[in-house]
Amino acid sequence: MDPIEQVKAIQEKALSEVAGASSSEELTRVRNTYLAKKSELTSLMGLMKQIPAEEKAAFGKVLNDARDAIQAAYDAKSQGLESAALSAKLASEAIDLTLPGRTLCQGRVNPYWIIVDEMSEIFASMGFEIVEGRDVETDHFNFEMLNVPKDHPARDMQDTFYITDTLLLRTQTSAAQAHTMLAKAGKEPIRMICPGKCYRRDDDDMTHSHEFGQIEGLVIDKGISLADLKGTLELFVRKMFGEKREIRLHSSYFPFTEPSVEVDVSCAACGGKGCPMCKGTGWIEILGAGEVHPHVLEMGGYDPKVYSGFAFGVGVERVAMLRYGVDDIRRFYQNDVRFLKDFSEK
Ligand SMILES: [Zn+2]
């Protein structure tokens, strides 16, 4: 075959293989076959010496043109394959911006803790120390140090869960009182609150729970009177429920205080006129308090002739129920997210 025809035949074959290559690997193989140093096309250079001198230039040109044509076809195809690969990659990794996002469930603070934090802040601002009590207490600290000996009828109202005959789940945060008094050795004045959980063997209903929160407060110093108690609680109630709230004290009985009082707050819903919320009285019972019983002072190491004090106990859920209009104490413990999502920190 005429050498020029041979070159053209190879060129044609190469161009058709370049065009038919469907991957970069295949294309590389075609390039190696036709453009590498030991390729068919290069071997045709060997024919040069058989070609008459006057035709050498023409043959050389045909050869070069063939190589240039194959190279150009290769370059174009290579670019085409690369951009096709890129497009395929982009298509496979495409993000659908119209898809709705995934909702992250954000936790909320249980209203119980919102109230504990708020009350702690209010009392801390009045100089009260915040004491952490113990959930598991001894009979001695939970009852006896609070003037409730073993045969005392008040124990009937505070039946609890016993771990042993002398270890129990505390029925009141007041147990922290005695620990604090003993720690201060009867010498230093005390201003403390103890927020925490209490336990009683109660049948759960809308207003009773076998587990509930209480904040116990205790002030001991020289010359503390019922007027200090009233002033402190009035300030607390106004910070907690609003500036216009009033309180009233009426007598009650607790074994560890003398005199003992129940404290009512004027109803926020009706402003004291009377409504279903306050059962028509204009007042809502909020906490129990009193002057520390001299015997309790004595047991705690304080001389009742020198020192006096007051104590109070507030139900955390009671405050939360009044504040948020919650009708059932069990809601604080059921962990129902539909209930909890209604609350957020102020
Ligand atoms: Zn009312």
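Helix α1 (residues 3-20) packs against helix α2 (residues 24-35) at an angle of about 165°, their axes being 9 Å apart; axes are lines fitted to C-alpha atoms, for helices over the stretch in contact, and angles run from 0 to 180 degrees between N-to-C directions. Helices here are DSSP runs (H or I, at least four residues) and strands likewise (E, at least two), numbered from the N terminus. The model is predicted, so that local features need pLDDT of at least 70 and side-chain atom pairs count only at pLDDT 80 or more, whereas totals for chains, interfaces and linings use all residues. Residues are numbered from 1 along each chain as its sequence is written, and side-chain values use heavy atoms, with hydrogens and water left out.

The α1 and α2 helices are therefore roughly antiparallel to each other (angles over 145 degrees count as roughly antiparallel, and those under 35 as roughly parallel). In their contact (heavy atoms within 4.5 Å), Ile10, Lys13, Ala14, Glu17, Val18 and Gly20 of α1 meet Glu26, Leu27, Val30 and Tyr34 of α2.

Helix α1 also packs against helix α4 (residues 53-92), at an angle of about 0° and with the axes 10 Å apart, which makes α1 roughly parallel to α4. The residues on the α1 side include Pro3, Ile4 and Val7, and those on the α4 side include Phe59, Val62 and Leu63.

| Helix pair | Angle | Axes apart |
|---|---|---|
| α1 and α2 | about 165° | 9 Å |
| α1 and α4 | about 0° | 10 Å |

Most residues other than glycine have a negative phi, and most peptide bonds are trans. The peptide bond from glutamate 258 to proline 259 is cis, with omega near -5°, and proline 259 is found in strand β7 (residues 257-266). Asparagine 147, in the loop between α6 (139-142) and β3 (167-169), has a positive phi, near 70°.

Conventions:
Parallel < 35°, antiparallel > 145°, perpendicular 65-115°, else oblique.
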